Amino acid sequence: MVMKDWLKGTSAPVALFAAVAIGGCTPLAAQTDPVSTSPAGEQEQAAPADPVEWGVEIVAEHPHDATAFTQGLLWHDGYLYESTGRLGTSQVRKLDLETGEVLAASDIPADQFGEGLAIWNDQLISLTWTHGIVHRWNIEDLSLIESVDGFPYEFWGLTTLGDQLVFSDGSSTLRFVNPETFAVEREMDVEFFGEPLVDINELEVMGGLIWANVWFTRYIVGIDPETGRVVQWANLRTITDRIAMSEEGAVLNGIAYDAENDRLFVTGKLWPSLFEIRLVPLMEIGEDIAQQQDGEVALP
């Protein structure tokens, strides 16, 4: 199955997807489309190149709280920070990588469903799903600084890009907002093989791209923040195949990047493990694995 054909008409959580893979832990920068010259000497913009495919190597596997419905994940100053969802159990947390221990946690109000998480200066900023509320937390002790409501959006994932925050809402649109006011400064539609990519969830910035989980799939995508095109992607089947899904919602979700040490971490909702991975060219992971990661694969 050709990926661009599979994407046509996709709108709900997918049960099938064309699996491929992406490479080197820090991915390549967004690519510039080549320019060609017409017979009349006029410059023409060539068709965008297909997204670069990478494979995945597992570097290490670490324990993770299997009761955590992971929504947002990030790395800061030697620790993982995580936001979790579901009514009555949503939290923001500080985690020890090696042991998976929750070193500190603060509850999100029980009537709210926690979503994405990002860092801005000395604050953690967390979202809520359908409640239109943004919370700000002191990163030192996870104490609540303020909660602001009245935002007319459904919130999913959140990340920091330069002097802006970027959030997803489960559609194919990403919104770039002012970190202080959350005022929308720009909107961008995301395309994968020329088609809108829906169900964009957890976000992380790495290598100049916005990397995203796509809800209910086994892959992550690297989005050019200027054009909205997916220019890189990775199939994480080698990881998801190691996890026995405890329930239908226990899907891949959570991307964190340690820029200082060039380390990439992924986990999932209700997963007992968190993985450090390396993105590599397919030729480096062997013919057997490459064949496994190519073609049509059914989700469990």
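Predicted model: local features only at pLDDT ≥ 70, side-chain atom pairs only at ≥ 80, totals over all residues.
Student: Which residue stands opposite V166 in β14 on the side of strand β13?

Tutor: Strand β13 covers residues 158-161 and pairs with β14 in the antiparallel sense, over four bridges. Across from V166 in this pairing stands T159.

Student: Which residue takes a positive phi in the hairpin of β14 and β15?

Tutor: Two hairpins involve β14. The hairpin of β13 and β14 has two residues between the strands, and there G162 takes a positive phi near 60 degrees. The hairpin of β14 and β15 has four residues between the strands, and its residue with a positive phi, near 90 degrees, is G170.

Student: How many of the five residues of β14 are buried?

Tutor: Take the two faces of the strand in turn. On one side Q164, V166 and S168 are buried, and on the other L165 and F167 are buried. β14 is therefore largely enclosed by the rest of the structure, and the count of its buried residues is five of five.

Student: Is the aromatic pair of F167 and F182 stacked or edge-to-face?

Tutor: The structure holds 17 aromatic pairs. In the pair of F167 and F182, the ring centres are 6.1 Å apart and the planes are at 20 degrees. Planes under 30 degrees apart count as stacked, and over 60 as edge-to-face. Because 20 degrees falls under the 30 degree cut-off, the pair is stacked.

Student: How many residues apart are F167 and F182 in the chain?

Tutor: F167 belongs to strand β14, residues 164-168, while F182 lies in the loop between β15 and β16. The pair links distant parts of the chain, and the separation is 15 residues.

Student: Is F182 buried or exposed?

Tutor: Buried means under 20% relative accessible area. F167, at 0%, counts as buried. F182 has a relative accessible area of 3%, so F182 is also buried.

Student: Is the pair of Y219 and W233 edge-to-face or stacked?

Tutor: The ring centres of Y219 and W233 are 5.4 Å apart. Y219 is in strand β21 and W233 in strand β22, 14 residues apart, and both are buried. Their planes stand at 90 degrees, so the pair is edge-to-face.

Student: The charged end of which residue sits over the ring of F176?

Tutor: Two rings can be looked at here. Over the face of W75, at 4.9 Å from the ring centre, lies R263. For F176, the distance from the ring centre is 3.9 Å, and the charged end belongs to R186.

Student: In β11, which residue is the bridge partner of L124?

Tutor: β10 and β11 run antiparallel and are joined by five bridges. They form a hairpin with five residues between them, where G132 in the turn has a positive phi of about 65 degrees. The partner of L124 in β11 is W137.

Student: In β12, which residue is the bridge partner of W137?

Tutor: β11 is joined to strand β12, residues 144-148, by four bridges, and the two run antiparallel. Four of the five residues of β11 are buried, so this strand is largely enclosed by the rest of the structure. On the β12 side, W137 has as its partner L144.

Student: What is the volume of the largest pocket?

Tutor: The largest pocket is lined by 20 residues, and the closest to its centre are L74, W75, I119, E204 and Y257. The lining divides into 11 nonpolar, five polar and four charged residues. The volume of this pocket is about 320 Å³.

Student: What is the volume of the second largest pocket?

Tutor: Its lining includes F69, R86, W129, W156 and K269. By type, the lining residues are five nonpolar, three polar and four charged. The volume of the second largest pocket is about 220 Å³.

Student: What is the volume of the second largest cavity?

Tutor: There are two cavities of 30 Å³ or more. Among the residues lining the second largest cavity are P63, H64, D65 and L274, and the whole lining divides into five nonpolar, two polar and two charged. The volume of the second largest cavity is about 50 Å³.

Note on methods. Residues numbered from 1 in each chain as written. Heavy atoms only, no water. Phe/Tyr/Trp six-rings, centres within 6.5 Å; stacked < 30°, edge-to-face > 60°. Buried < 20%, exposed > 50% of the residue type's maximum accessible area, 1.4 Å probe, protein only. Lys NZ or Arg CZ within 6 Å of the ring centre and 35° of its normal. 1 Å grid on protein atoms, 1.4 Å probe; cavity = no way out; pocket = protein on both sides within 12 Å on 5 of 7 lines; lining within 4 Å. Points joined across faces, edges and corners; volume = space filled by probe spheres on them. Nonpolar A, V, L, I, M, F, W, Y, C, P; charged D, E, K, R; others polar. Pairing = 2+ DSSP bridges.
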